Amino acid sequence: MPLYTFLCNTCEKEVSLFLSLKELRRNKACPECRGSDLTGPLENEASRSGNDNQVACSLSKKS
Ligand SMILES: [Zn+2]
């Protein structure tokens, strides 16, 4: 199952949940406070910095 990161608006913590697509569409609960007011899934930090590296690499090749 893929790992999704959510921001809990109740306890203001970032929480990671393993969810199937079915579960992603259902109501989700924060594992910290059991609140259901979650924002996300958030973009993965690791993949975002990886994309930045690729852009920097291709730019330096062109110039
Ligand atoms: Zn919470």
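The model is a predicted one: local features need pLDDT of at least 70, side-chain atom pairs count only at pLDDT 80 or more, and totals for chains, interfaces and linings use all residues. Residues are numbered from 1 along each chain as its sequence is written. Helices (H or I, at least four residues) and strands (E, at least two) are DSSP runs, numbered from the N terminus.

With that in hand, here is the overall plan. The protein has two helices and three strands, and reading along the sequence gives the pattern β-β-α-β-α. A residue is called buried if 20 or more other C-beta atoms lie within 10 Å of its own, exposed if 12 or fewer, and partly exposed in between, with the C-beta atoms placed from the backbone. Of the 63 residues in the protein, 6% are buried. Contact has a cut-off too: two residues are in contact if their C-beta atoms, placed from the backbone, lie within 7 Å. Among the contacts with a separation of 6 or more, 44% are between residues 24 or more positions apart.

Now to the sheet. Two strands pair if DSSP finds at least two bridges between them. Strand 1 (residues 3-8) and strand 2 (residues 14-18) run antiparallel and are joined by five bridges. Along this pairing, Tyr 4 stands opposite Leu 17 in strand 2, and Leu 7 stands opposite Glu 14 in strand 2. Leu 7 also stands opposite Thr 39, a residue of strand 3. Strand 3 (residues 38-39) pairs with strand 1 over two bridges, in the antiparallel sense. Put together, the three strands form an open sheet in the order 2-1-3, with antiparallel pairing. Strand 2 and strand 3 stand at the edges with a single partner strand each, so one side of each has no neighbour in the sheet.

Not counting residues up to four places away in sequence, Ser 16 touches Leu 3 and Thr 5. Cys 30 is 14 residues from Ser 16 in sequence, and the two are 9.0 Å apart in space, C-alpha to C-alpha.

Back to the turn where we began. Strand 1 and strand 2 form a hairpin with five residues between them. Most residues other than glycine have a negative phi, and most peptide bonds are trans. Glu 12 has a positive phi of about 55 degrees, although it is not a glycine. This residue counts as exposed because it has 9 C-beta neighbours inside 10 Å.

Cys 11 lies in the loop between strand 1 and strand 2 as well. Having 13 C-beta neighbours inside 10 Å, Cys 11 counts as partly exposed. Which residues is Cys 11 in contact with, leaving aside its neighbours within four places in sequence? They are Cys 30, Glu 32, Cys 33 and Gly 35. Between Cys 11 and Gly 35 there are 8.1 Å in space, C-alpha to C-alpha, and the two are 24 residues apart in sequence.

Arg 34 takes us to the loop between helix 1 (21-25) and strand 3. In space, Arg 34 and Cys 11 are 9.5 Å apart, C-alpha to C-alpha, and in sequence they are 23 residues apart. Arg 34 is a residue other than glycine with a positive phi, near 65 degrees. Arg 34 has 10 C-beta neighbours inside 10 Å and therefore counts as exposed.

One last stop is on the way to helix 2 (45-62): Pro 41 sits in the loop between strand 3 and that helix. Is the peptide bond from Gly 40 to Pro 41 cis or trans? The bond is cis, with omega near 5 degrees.
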